[in-house]
Structures are given as C-alpha cells and as structure tokens.
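This briefing concerns the fold and packing of a single protein model. Please consult the sequence and the structure shown below alongside the text.

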Amino acid sequence: MRAISIVICDTDSAFVQSLSWFLCGQMKNISVVAFTQMNSFLNSSGHYHLGLFGKEFLQVYEEQNPDLCIDDIYYLSSTLGEGFGSYNVFYKYQNMRCLLEIIAQKHLEEKMGCNESEKPKVYGIYSPIQHDLRVPFSLTFSHLLSQKKETLFLDLEPFSVLPGLIPNDRFDTDFMDIMYLLKSQKNDFDLKKYIFYFEDIAMLPVAKNPFDFAAADEDAWDLLIEKILKLRFQLVVLFDRLDSVSKCFYPIMDELILLGRPEDYYRYSQECCREYLNESDLEFSLHSVDLNMSATGLKEGSFGMKKIIEGNMAGFIQNEFKGTFASAGIK
C-alpha cells in the first residue's frame, strides 16, 4: 500500500496522541503529523493526503491560510451530528477503526489514477490436500507482493478462518451481500466501499455460509472480476477447490500455486492435480510448492497472522518465488 500522509490538528492532546498511536499501530505505510499548539501549526508547511481538524484549528486554517496543502479535510466533531461548513465529519468518539475505512477509501481513489495499460497479475492458490497453512501462505505471499504493488487477497474458502484471526468490523458484511449488490446494481456498485486493509493487504469480506459460492452464478463472478481488474490490483485468490467458481478466474490467471507436503502420501494428490490441469490446455502456469511446516502443535492463541507474516514463512516464500519477487523489485 502506498504511503498515506495524515495531519491531525486538535487541542485535545490525549485524543490526538491516542489516535496517532492507533493509526501508526494499524498501518505500516502511513505517516502522521500532529499539532495541539496553534503556533506550531501556523509555522508548519507540507503536503498531506488527509487532514483531521478540530473546530479551533479549522477556523484558523480558513482565516489565515497557512502554508499547508491538504487533499481532503475532515472536521473532528465532539458532538454527534455537529457539522462545520461543507466539510466531511468524523465523530471523535466513535470506533477509531472507522477512520481506517476513510483512509482506505482515499487510497483507492488515488489508485484509480494508476497506469491503465499495465495488466495486473493474478495468482491462484490451491491445496489438493487442504494444507493447514494455506491461509498463512496466501496472506504472506500477498503481503510480500504488496510491498511494491497493490495486492487484493480474496479468500474463497466456505469456512474461512480470517474473521477469527484478523480483528475487523468489515467481516460483519457477508461476501454474498457484496455479490447480491453487485448483481442488482451492476455498473452503479462501488466495490471500493467493501475493501479493507490488514498489514498492507487489501481484502474483501469472506463468506459465512458454505453454500454461498455455489449460489452465485457465472455472471456475478464475471462482474466481480471486472470490478477488481478496473481497480488494477494484483490479485491473489485462495481456492477451496477447483470447480465452476475457480474456472471463472482461469481466463485472467497468470499462475496457479499448488500447495502440498513433501511426503509421497501427499504428493500423489498434487501430481494427480497437475496432470489433470496440464491436460486441460490452460494458459496459466503451474507452480508446485511443498510446505514442510505445519500449524500442528501451536499453543492456544499463538496462531496470529501478524506473527506468521513476519516469521519463517516469508523467507521460505521469497526463496521459492525468487523470479516473481525479483521482477517486482522486492529483495
């Protein structure tokens, strides 16, 4: 995710400090500058993507026009429903996570100006043996890709573990809610509103019902893929199985990664899968990966995505996919 610069200006120093710490703890590629004293604010300069202003600072900003360039300003209201001029309003005492949605939306709007001639890469991930680390692998792979290019991770498992591992209010929205709105609104549907970030990876909510994916028809999947490609994300899709849903992605896919284990008992399933796909005249390439590690034996509460993304898995993937990451400028 490209760096986003934010300036927070408010006389409530405790709130400013708390909000600054929260934002820096939730997002890596973000810079936060804060002002609680008017003199320091008036003597400052710079360009910011987003400004969060209390009433006193906003009044002075309008009247004295300091040497600041701010793309988008939100009024920090301490009273629910209170506004200031024509500015967007952010209620100071709501869940701070709501601000992450504003930042993500701002970031995606900027991203629409990217080079349209560049075709986004699409990677599929599938495990014929249902490897227990397929989700950590997929997220770590996405995280590494996102260091240079915007990457969207799409989890198509019917019983996704993501809601239990990533605290995010956006999982309150069902993936099929998105598909329903997409099918009913079509061109008017704004997919950006449903995208959120975790560790610089853009994601969509997951399904809550195991029959949801089967209920969506091919037209709905085609519409979703079209919307994603217009946002020009690199796309990483975790498939639960190879079926009619995965086939909707085959025409745009560049590489399908098959996860297995090194033992011959497990490798047989992977080899059968490769043989089937090779006989299907598909245009994407296949990459078999044996994961010699496992989630077995982890203590309760230790299976955290942040730990896994920053752990041994990242080094393993970078070594396995040297060409992929080298071409993206990742060392």
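A residue is called buried under 20% relative accessible area, exposed over 50% and partly exposed in between, using a 1.4 Å probe and protein chains only. The model is predicted, so local features need pLDDT of at least 70 and side-chain atom pairs count only at pLDDT 80 or more, while totals for chains, interfaces and linings use all residues. Residues are numbered from 1 along each chain as its sequence is written, and side-chain values use heavy atoms, with hydrogens and water left out.

**Overall architecture**
- The protein contains 14 helices and twelve strands; these are DSSP runs numbered from the N terminus, with helices being H or I of at least four residues and strands E of at least two.
- Of its 331 residues, 51% count as buried.
- Among contacts (heavy atoms within 4.5 Å) with a separation of 6 or more, 72% join residues 24 or more positions apart.

- The buried residues of helix 5 include Arg134, Ser138 and His143.
- Helix 5 spans residues 134-145 and reaches 16 Å from first to last C-alpha, close to the 16 Å expected at 1.5 Å a residue, where the expectation is 1.5 Å times one less than the number of residues.
- Aspartate 132, in the loop between strand 6 and helix 5, is partly exposed, with a relative accessible area of 28%.

**Nonpolar cores**
- A nonpolar core is a set of buried Ala, Val, Leu, Ile, Met, Phe, Trp, Tyr and Cys residues joined through side-chain atoms within 4.5 Å.
- The largest has 43 residues, and those with the most contacts inside it are Leu156, Phe175, Trp221, Leu224 and Phe249.
- Helix 9 gives the most to this core, with six residues.
- Leucine 224 touches Leu154, Phe175, Met179, Leu182, Leu191 and Leu204, not counting residues up to four places away in sequence.
- A second, separate core of 28 residues includes Ile125, Leu133, Leu238 and Ile317.

**Packing of helices 7 and 9**
- Helix 7 and helix 9 pack at an angle of about 95°, with axes 9 Å apart.
- These two helices are therefore roughly perpendicular, a term for angles of 65 to 115 degrees.
- Residues meeting across this contact include Phe175 and Lys183 in helix 7 and Asp219 and Trp221 in helix 9.

How values were computed
Axes are lines fitted to C-alpha atoms, for helices over the stretch in contact, and angles run from 0 to 180 degrees between N-to-C directions. Angles under 35 degrees count as roughly parallel, over 145 as roughly antiparallel, 65 to 115 as roughly perpendicular and the rest as oblique.
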